[in-house]
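Please open the model in a viewer and keep the selection panel at hand. The stops below are arranged so that each selection leads to the next.

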Amino acid sequence: MRYWQVITGFTGLFPLIVNAETMNSAPVNASTLLQTIFGLIMVLAVIVFLGWLLKRSQYFHAAHHGQLKVLGAISLGTREKVVLIPVGEQQILLGVTPQQINTLHTLSEPLSVRETPVKSGDTFAERLKQMMQQRGNQ
């Protein structure tokens, strides 16, 4: 009696087995697998590129609205740069490396620096929308 119940239980799967056998091609073949892998690589590349772009951009830095700000920076190598920051009435030129920060020079007369006006109500969403609109216009 038990064997009969097992056999009748498998007969419910019989249409699925027949449909799998009558298919013309395999659901996963080399071309669909390559397309899937290529799509995944492209998505990951876009994510890495956007991360790199945001890291290199001065536009989204959190210190931009704070008391301390960088007036100018020049990259001297892959990990070294010179940075100009205001401190009171003076400007300080700093040498920045991964290991340390050194004061290179203190300017008693401030250099004139162009500043871009920033609205106090700017949010990330508004900035992203502006960047997308500028990108669409170009």
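Which residue of strand 3 does K81 stand opposite? Select K81 and then V96: these two residues stand opposite each other, V96 being in strand 3. Before going further, note that the model is predicted, that local features need pLDDT of at least 70 and side-chain atom pairs pLDDT 80 or more, while totals for chains, interfaces and linings use all residues. Residues are numbered from 1 along each chain as its sequence is written, and side-chain values use heavy atoms, with hydrogens and water left out.

**The whole chain**

Display the protein as a cartoon. Four helices and four strands make up its secondary structure; helices (H or I, at least four residues) and strands (E, at least two) are DSSP runs numbered from the N terminus. Followed from that terminus, the elements run α-α-α-β-β-β-β-α. Of the 138 residues in the protein, 11% are buried, where buried means under 20% relative accessible area with a 1.4 Å probe, protein chains only.

**Strands 1 and 2**

Keep strand 1 and strand 2 in view. A hairpin of five residues joins them, and four bridges link these antiparallel strands.

**Strands 2 and 3**

Move to residues 81-87 and 90-96, which are strand 2 and strand 3; seven bridges join this antiparallel pair. Their hairpin has two residues between the strands, and G88 takes a positive phi near 65 degrees.

**The core**

Finally, show the side chains of V83, I85, I92, L94 and V96, the five residues of the largest nonpolar core. Such a core is a set of buried Ala, Val, Leu, Ile, Met, Phe, Trp, Tyr and Cys residues joined through side-chain atoms within 4.5 Å. Strand 2 and strand 3 are the elements that give two or more residues to this core, and strand 3 provides the largest share, three residues.

Centre the view on I85, whose bridge partner in strand 3 is I92. Leaving aside residues up to four places away in sequence, I85 touches K69, V70, L71, Q90, Q91, I92 and L94, a contact being heavy atoms within 4.5 Å.

Notes: Pairing = 2+ DSSP bridges. Buried < 20%, exposed > 50% of the residue type's maximum accessible area, 1.4 Å probe, protein only.
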